[in-house]
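Hi,

Here is the structure I promised to pass on.

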Amino acid sequence: MAGPLSLRDESPHDDLGHPVPVTRPAGRVVSLVPSLTESVAMTRPEALVGATDWCTHPQGLRVRRVRGTKNPDRAAIAGLVPDLVLANQEENRRVDVERLRAAGIPVWVTVIRTLDEAFISLRRMFREALGWPEPAWLADAERAWSSPVPGPRLRAVIPVWRDPWMAVGPGTFTGDIAARLGLDNVYDIGPHDTGTDRYPRIGLDDVAARRPDIIVLPDEPYQFSESDGPEMFPAQRVALVEGRSLTWYGPSLVTARPLLLSQLAAARPPLS
C-alpha cells in the first residue's frame with residue numbers, strides 16, 4: 001500500500017520550467033508576492049509562516065515579515081525553514097531566487113501576465129507545488145470574469161506612478177484586466193513577450209496627444225486620490241479605482257470585476 005504523499009518526489013517544474021524539489025503537502029510557506037500571500041492565507045492560513053512588508057491582505061495578517069519583494073531578508077527566510085517559497089517573475093529579482101535556491105530553499109516562480117495565465121498558474125501552484133486541493137474561491141473567480149466584455153469600449157491611460165509619470169504598457173496582467181473591463185490601453189503597443197517598456201515613462205503632453213477617453217488612477221502602487229492625480233487631467237474623464245482589484249491575482253478576483261466596473265462608471269467628467 002502506498003504511503004502518504006509527504007515527500008520530495010519527482011520534482012514538478014515552476015512556470016519558468018525550473019524543477020523544484022517540493023515537499024507535499026507543504027506545511028510551511030513563505031510568500032514574496034502580495035497576491036500569492038493572500039491566496040495562501042485565504043486557503044490554508046496555518047501554513048503561511050512568512051510574507052513581505054507589502055503583503056497587506058488579508059487584513060490583520062500576522063506572520064513573520066521578511067522585508068520587501070525586491071530586497072527579501074534571505075537569512076530570515078532560511079530561519080523560517082520553509083517547505084516552499086513562492087515568487088513571481090515580475091515582482092521578484094532573479095538574484096534573490098537563485099541565492100535562496102543555492103541555500104537549499106525550494107522556490108516556486110510564477111509567471112502571470114494575463115487573467116487566463118493567473119488561473120492556470122494558481123491551479124498549478126496549489127496542486128503541483130503545494131500539494132493542496134484547489135480552493136473554492138478560484139472557481140468563483142473564474143465565474144466572476146466569464147461574462148462578456150461590457151461596451152462601449154473606451155480608450156484609456158492607466159498611470160501607476162508620478163514624478164516620473166509611468167503607465168501600464170504592453171504584456172501586463174493589469175492591462176489584460178483593463179481589456180476585460182472594456183478599456184483599450186493606448187500604451188499597449190509593442191511586443192508582449194519581453195519586459196521592455198511594460199511600464200513606460202509618459203509625458204502629460206503625450207497623454208493628451210493620444211486622446212484617451214478616460215484616465216484610470218489606481219491607489220497602488222502609487223496612492224492616487226481625489227487630491228493627488230486627477231487635477232493633472234482636466235480634459236479627460238478620471239476614474240479612481242482600487243489598485244488591489246486592478247493588479248492582484250488571487251481571492252480579490254472574486255469581487256474585482258463588479259467593483260472596478262462601478263468605479264469606472266463613477267468617473268469624474270472632464271473639467272474643460
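This is a predicted model: local features need pLDDT of at least 70, side-chain atom pairs count only at pLDDT 80 or more; totals for chains, interfaces and linings use all residues.

Pro221 sits in the loop between β10 (214–218) and β11 (237–241), where helices (H or I, at least four residues) and strands (E, at least two) are DSSP runs numbered from the N terminus. The bond that joins Glu220 to Pro221 is a cis peptide, with omega at about 5°. Both residues turn up again in the pocket below: Glu220 and Pro221 are among the residues closest to its centre.

Residues are numbered from 1 along each chain as its sequence is written, and side-chain values use heavy atoms, with hydrogens and water left out.

There is another cis peptide bond, between Asp163 and Pro164, with omega at about 0°. Pro164 belongs to the loop between β7 and β8 (166–167). You'll find Val81 in the loop between α2 (74–79) and β4 (84–88).

Now the overall picture. The protein has 9 helices and 11 strands. Its radius of gyration is 20 Å, close to the 19 Å that the globule rule gives for 272 residues, so the protein is as compact as a globular protein of that length. (The radius is taken over C-alpha atoms, and the rule is 2.2 Å times the number of residues to the power 0.38.) Along the principal axes, the C-alpha atoms fill a box of roughly 70 × 35 × 35 Å.

I used a 1 Å grid over the protein atoms alone: a cavity is a set of points where a 1.4 Å probe fits but cannot get out, a pocket is an open set with protein on both sides within 12 Å along at least five of seven lines, and lining residues have an atom within 4 Å of a point. Points are joined across faces, edges and corners, and a volume is the space filled by probe spheres set on them.

The largest pocket holds about 970 Å³. It is lined by 26 residues, and those closest to its centre are Glu91, Glu220, Pro221, Thr247 and Trp248. β7 (159–161) and α6 (173–180) each give at least two residues to that lining. By class, the pocket lining has 12 nonpolar, 9 polar and 5 charged residues. (Nonpolar covers Ala, Val, Leu, Ile, Met, Phe, Trp, Tyr, Cys and Pro; charged covers Asp, Glu, Lys and Arg; the others, Gly among them, are polar.)

And how many cavities of 30 Å³ or more are there? The count is 1. The largest cavity has about 30 Å³ of space, and its lining is made up of Leu181, Leu183, Val216, Val241, Leu246, Leu260 and Leu264. That gives 7 nonpolar, no polar and no charged residues.

Last, the helix packing. Axes are lines fitted to C-alpha atoms, for helices over the stretch in contact, and angles run from 0 to 180 degrees between N-to-C directions. Under 35 degrees counts as roughly parallel, over 145 as roughly antiparallel, 65 to 115 as roughly perpendicular and the rest as oblique; contact means heavy atoms within 4.5 Å.

- α4 (residues 115–130) and α5 (residues 136–144) pack at about 170° with axes 11 Å apart, and are therefore roughly antiparallel. Phe119, Leu122, Arg123 and Phe126 in α4 meet Trp137, Leu138, Ala139, Ala141 and Glu142 in α5.
- α4 and α6 pack at about 120°, with axes 8 Å apart, and are therefore oblique.
- Trp137, Asp140, Ala141 and Ala144 in α5 meet Leu253, Val254 and Arg257 in α9.

Cheers
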